[in-house]
Amino acid sequence: ANGDFAEGLKGWTASPGAEGSLRTATVAGYGRASQGRWGAGDGGDTVCVMVRKPGQPNRISQTAQGLEAGRAYCLQFVTADFKDVAAKKYNPRRYGIRAVLDGAEILSDKSFVHVDRRTAGTNQDQNVGKINLHRIVFRASSPTQAIVFYDEEAIPGEELIINFVQLKPYLE
């Protein structure tokens, strides 16, 4: 629910690691320019921002409902560096946000993190902040699954963003 954070943190349990380290923001053109969403308008421009400060990592979570135990599902989400996106700075790399799905069987041979390094094509030039597309394929062990995102691998001072959170059945 609310995977693009268009309604702020509604539907999410937010646990900031420090005061002021977790918020939502709107970045004009992010969905279209950095993610390459076609016909997006302003879709995808609202994000959750995690500012890594010394101490505990930031955490947001949500529990998925209605899963079928034993069935495979795909969790997808996009991460980026807030400062790079705002400055339209080309600096592709892996960002320090990760998802944890306790109790699920992760199918690692079907999962990946794609670091977008494209420099040619529609809206894919060196004048935009780049994204990471995460895909985690897992086998559900129960009808519910806690999905937790952490920024513990981020460098202190980094402002990382997440949106485009989707959960869908994975056809084997």
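Two strands pair if DSSP finds at least two bridges between them. With that in hand, welcome to these close-up views of a predicted model.

**View 1. Strand S11 and its two partners.** Let us start with S3 and S11, which run antiparallel and are joined by four bridges. Within this pairing, look for Val-49, which stands opposite Ile-161 in S11. S11 also pairs with S5, again in the antiparallel sense, over eight bridges.

**View 2. The largest nonpolar core.** This core holds 25 residues, and those that touch the most other members are Ile-60, Leu-75, Phe-77, Phe-138, Phe-149, Ile-162 and Val-165. Strands S3 (46–51), S4 (59–64), S5 (72–81), S9, S10 (145–150) and S11 (159–169) each give two or more residues to the core. Apart from it lies another core, this one of eleven residues, including Val-27, Val-51, Phe-82 and Ile-161.

**View 3. The surroundings of Leu-75.** Now zoom in on Leu-75, one of the residues that touch the most other members of the largest nonpolar core. Leaving aside neighbours within four places in sequence, Leu-75 is in contact with Ala-99, Leu-101 and a run of others that includes His-134, Arg-135, Ile-136 and Phe-138.

**View 4. Leu-167 on strand S11.** Follow S11 to Leu-167, which is found in this strand. Is Leu-167 buried, partly exposed or exposed? Its relative accessibility is 33%, so Leu-167 counts as partly exposed, given that the partly exposed class lies between under 20% for buried and over 50% for exposed. Beyond its neighbours within four places in sequence, Leu-167 is in contact with Ala-64, Leu-67, Tyr-73, Cys-74, Leu-75, Phe-138 and Ile-147. Take Ile-147 from that list: it lies 20 residues from Leu-167 along the chain, and the C-alpha atoms of the two are separated by 10.0 Å.

**View 5. The largest pocket.** Our last stop is an open space of about 200 Å³, the largest pocket. Of the 14 residues that line the pocket, Arg-94, Arg-98, Val-113, His-134 and Ile-136 are the closest to its centre. Two or more lining residues come from each of strands S6 (98–100), S8 (112–115) and S9 (131–139). Which strand gives the most to this lining? The answer is S9, with three residues. By type, the lining divides into seven nonpolar, three polar and four charged residues.

Note on methods:
Residues numbered from 1 in each chain as written. Predicted model: local features only at pLDDT ≥ 70, side-chain atom pairs only at ≥ 80, totals over all residues. Heavy atoms only, no water. 1 Å grid on protein atoms, 1.4 Å probe; cavity = no way out; pocket = protein on both sides within 12 Å on 5 of 7 lines; lining within 4 Å. Points joined across faces, edges and corners; volume = space filled by probe spheres on them. Nonpolar A, V, L, I, M, F, W, Y, C, P; charged D, E, K, R; others polar. Core = buried A, V, L, I, M, F, W, Y, C linked by side-chain atoms within 4.5 Å. Buried < 20%, exposed > 50% of the residue type's maximum accessible area, 1.4 Å probe, protein only. Contact = heavy atoms within 4.5 Å.
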